[in-house]
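Here is a short report on one protein chain. Keep the sequence and the 3D view open while reading.

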Amino acid sequence: MSDVTTAEFNEEGKYLRKVRSFVLREGRLTKGQAAAMEQQWPSMGLDYSPEPLDLVQVFGREADTVLEIGFGMGASLVEMAKASPELNFIGIEVHKPGVGACLSDAAEAGVTNLRVFHHDAVEVLENSIVTGSLARVQLFFPDPWHKKRHHKRRIVQPEFAQLIRRTLKLGGVFHLATDWENYSEHMLEVMGAAEGYKNQSTTGNVVERPEHRPLTKFEARGHRLGHGVWDIMFERID
C-alpha cells in the first residue's frame, strides 16, 4: 500500500496546492535500489516538467498507454508491463526506494515499455499528460484514511475524478482497487456521480479482478484470511 501523492484536499474534495513545493519521500535506499536509480534512470526515468509529454517520443512508438498512480515497490507494475509488451506503461511514485525497486525489477525482467516519475501524481496529471492520451489509469490500494475525520484526505474526490477523465481518451478506463470496503463505497459514490463516466460493472457496483491486474502477495494472503478486495472500473464516455 502506498501514499500515492503528497497532495491534500479540503472538505469539498478540492485540491490544495502547497505554497512551498512538496518534499519527495526519499527514504533509505538499499545498494541495489541506489544502483538501479543511477543505472536505469537515464533510460526509464521521467524528469518532471510542466510541459506535456510527447508519448511517441518517450516510448519511440505509437501504442496505448497505461498510467499507474502510486505503484509502491513496483512489482505488479513490472509484471503488467512484461505481460503486455504491446502497451506503454507509466508509473508515478513519491517514495524513492519504491522507484529504485521498480527500476531494478524492470531491468532484471528486461522490460522496455515502462517509464517512471518520482514526483507528485496530481502535478504530473495536471501538467505532464496530454488531454485524451491515456487508455487506462490505475489507482491500486491507495491510503484508505480509514478514520472518518480523515476521509477528506482520500485521493478519490470529485475534482480528482475529472482530472483523470481529462487524461483519458474516449473509451479509456479509470481502474481503482481497494481492500477497504468503506473506501470502495466512497469510490463508487464519487465515480457514480462523476460526469462523463460509465461504470463497467453490469450490476452498477464492483467488477471481478480483471486479468491485467496481478494478484499481489499481500492480496493473496488477504484472500486466505477471508479479506475482500474491491475492483472498480469506470469508462470515459464523454
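## Strands, helices and annotated sites

E68 lies in strand 4. Helices (H or I, at least four residues) and strands (E, at least two) are DSSP runs, numbered from the N terminus. This is a predicted model, in which local features need pLDDT of at least 70 and side-chain atom pairs count only at pLDDT 80 or more, while totals for chains, interfaces and linings use all residues. Residues are numbered from 1 along each chain as its sequence is written, and side-chain values use heavy atoms, with hydrogens and water left out.

**E68 and the first set of annotated positions**

At 2% relative accessibility, E68 counts as buried. Buried means under 20% relative accessible area, exposed means over 50%, and partly exposed is in between (1.4 Å probe, protein chains only). Which residues does E68 contact, leaving aside its neighbours within four places in sequence? They are S76, L77, M80, I90, G91, I92, Q138 and F140. Contact means heavy atoms within 4.5 Å.

UniProt places the feature "binding site" (unreviewed entry) at E68, E93, D120 and D143. Such positions are given in the numbering used here, feature names are shortened, and annotations may be inferred rather than shown by experiment.

E93 lies in the loop between strand 5 and helix 4. E93 is buried, with a relative accessible area of 1%. E93 and G72 are 21 residues apart in sequence, yet their C-alpha atoms are 6.7 Å apart in space.

Two strands pair if DSSP finds at least two bridges between them.

Strand 4 and strand 5 pair in the parallel sense over 5 bridges. T65 stands opposite N88 in strand 5. Strand 5 covers residues 88-92 and is mostly covered: 5 of its 5 residues are buried. N88, I90 and I92 point one way from strand 5. F89 and G91 point the other way.

Strand 7 (residues 134-140) and strand 8 (residues 168-178) also pair in the parallel sense, over 6 bridges. F140 stands opposite A177 in strand 8.

F141 is found in the loop between strand 7 and helix 6. Phi of F141 is near 55°, a positive value in a residue other than glycine. Phi of W145 is near 40°, again positive in a residue other than glycine.

| Residue | Relative accessibility | Class |
|---|---|---|
| F141 | 7% | buried |
| D143 | 23% | partly exposed |
| W145 | 26% | partly exposed |

**Further annotated positions**

For "binding site" (unreviewed entry), UniProt also lists K147, D179, T216, K217, F218 and E219. D179 sits in the loop between strand 8 and helix 7 (181-193). K217 is in helix 8 (residues 217-224). Is K217 buried or exposed? At 80% relative accessibility, K217 counts as exposed.

**Helix 1**

At 1.5 Å a residue, the 14 residues of helix 1 (residues 31-44) should span 20 Å. The expected span is 1.5 Å times one less than the number of residues. The end C-alpha atoms of helix 1 are 19 Å apart, which agrees.

Where does helix 1 bend? The bend is about 35°, at E38, and a proline, P42, follows within four residues. A bend at a residue is the angle between axes fitted to the seven residues ending there and the seven starting there.

Q33, A36, M37, Q40, W41 and M44 are buried in helix 1. The buried residues of helix 1 pack against strand 3 (45-46), helix 4 (96-109) and strand 6 (114-117).
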